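Subject: Structure handover

Hello,

Here is the structure for your set-up work. My notes follow below it.

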Amino acid sequence: MENKPQTFIFFGRSGSGKGTQAKLLKELLEGKNRKVIYLETGEKFRDFIQKDNYTANLTKGVMKDGGLLPPFLPVWIWADSLIEQFTGVEDLILDGLARRASEAPVLDSAISFYKRERPYVVSINVSRNWSKERMMSRGRSDDTEEYIESRLDWYDRDVVPAIEYFRNHSGYHFIDVHGEQSIEKVHEELIKKISILKGDNN
């Protein structure tokens, strides 16, 4: 496996298991004695809204109502984390970043600034119906059918254009992974498609 630090950017509908796959990749890389930074914006936002300040309270209200946060907030969340944690030698696993077309060039500018060569963009592909069934089966009180449909609409409207930005960018390795299979099978397919890990049994 290449010793050069690598970058992995994960996309996938709600219920696709992208977070699980990102964490499995993190465990695999750490098992090879590599330093890894895993950034997941959803977790960062949940931590942020526990604070008692004006911006956090406004953010909490938007999230409670199922609204869309202004672009500067998610960019600030992940940019601040990179600035505080990243030393340049770690593998980066980015989950939930650049979920709008307007944010994709901002993330691309960070990738360029940090001189990360040809990151891997991983799209965990599941159908809309598959995603809906998974979300409904979680049994969470806030997972109403109306809310789930709005989440799926948001993904098609906002996230897909961001994905296409990276798919059509020659500076990235773009990987499509079939997500409608077992966790183990998805992980296996993902690893097979990451060229730096092919044939690496160390």
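**Helix α2 and what covers it**

Helix α2 spans residues 41–48, and T41, G42, F45 and F48 are buried there. Buried means under 20% relative accessible area, exposed means over 50%, and partly exposed lies in between (1.4 Å probe, protein chains only). These four cover an arc of only 125 degrees around the axis, so they sit on the same side of α2. The arc is that of the directions from the helix axis to the C-beta atoms. The cover over the buried residues of α2 includes β2 (36–40), α3 (54–64), α4 (72–85) and β3 (91–95). Contact here means heavy atoms within 4.5 Å.

**How to read the numbers**

This is a predicted model: local features need pLDDT of at least 70, side-chain atom pairs count only at pLDDT 80 or more, and totals for chains, interfaces and linings use all residues. Residues are numbered from 1 along each chain as its sequence is written, and side-chain values use heavy atoms, with hydrogens and water left out.

**The whole chain**

The chain holds eight helices and five strands. Their order from the N terminus is β-α-β-α-α-α-β-α-β-α-α-β-α. The radius of gyration of the chain is 17 Å, close to the 17 Å from the globule rule for 202 residues, so the chain is as compact as a globular protein of that length. That radius is taken over C-alpha atoms, and the rule is 2.2 Å times the number of residues to the power 0.38. Helices (H or I, at least four residues) and strands (E, at least two) are DSSP runs, numbered from the N terminus.

The C-alpha trace spans about 45 × 35 × 30 Å along its principal axes. Of the 202 residues, 44% count as buried. Take the contacts between residues at least 6 apart in sequence: 76% of them join residues at least 24 apart.

The accessible surface of the chain is about 10,900 Å², and 49% of it belongs to carbon and sulfur atoms. Areas come from the Shrake-Rupley method with a 1.4 Å probe; for residues, only the protein chains shown count as cover.

On charges, the chain has 30 positive and 32 negative side chains, and the centres of the two sets lie 2 Å apart. Lys and Arg count as positive, Asp and Glu as negative; His and the chain ends are not counted. The place of a charge is NZ of Lys, CZ of Arg, CG of Asp or CD of Glu.

**D95**

D95 lies in strand β3. D95 counts as buried, at 1% relative accessibility. Leaving out residues up to four places away in sequence, D95 touches F10, K18, G19, A22, Y38, L39, E40 and T41. T41 is also one of the buried residues of α2. R134 is 39 residues from D95 along the chain, and their C-alpha atoms are separated by 19 Å.

**A98 and A104**

A98 is in the loop between β3 and α5. Its phi is positive, about 55 degrees, although A98 is not a glycine. A98 is buried, with a relative accessible area of 1%.

A104 belongs to helix α5 (residues 104–113). A104 is buried too, at 0% relative accessibility. Beyond residues up to four places away in sequence, A104 touches A98, A162, Y165 and F166. A104 and K64 are 40 residues apart in sequence and 25 Å apart in space, C-alpha to C-alpha.

**K115**

K115 lies in the loop between α5 and β4 (120–125). Phi of K115 is near 55 degrees, a positive value in a residue other than glycine. K115 is exposed, with a relative accessible area of 67%.

**P161**

P161 lies in helix α7 (residues 145–167). P161 counts as partly exposed, at 33% relative accessibility. P161 touches A101 and D156, not counting residues up to four places away in sequence. P161 and R99 are 62 residues apart along the chain, yet their C-alpha atoms are separated by 8.6 Å.

Best wishes
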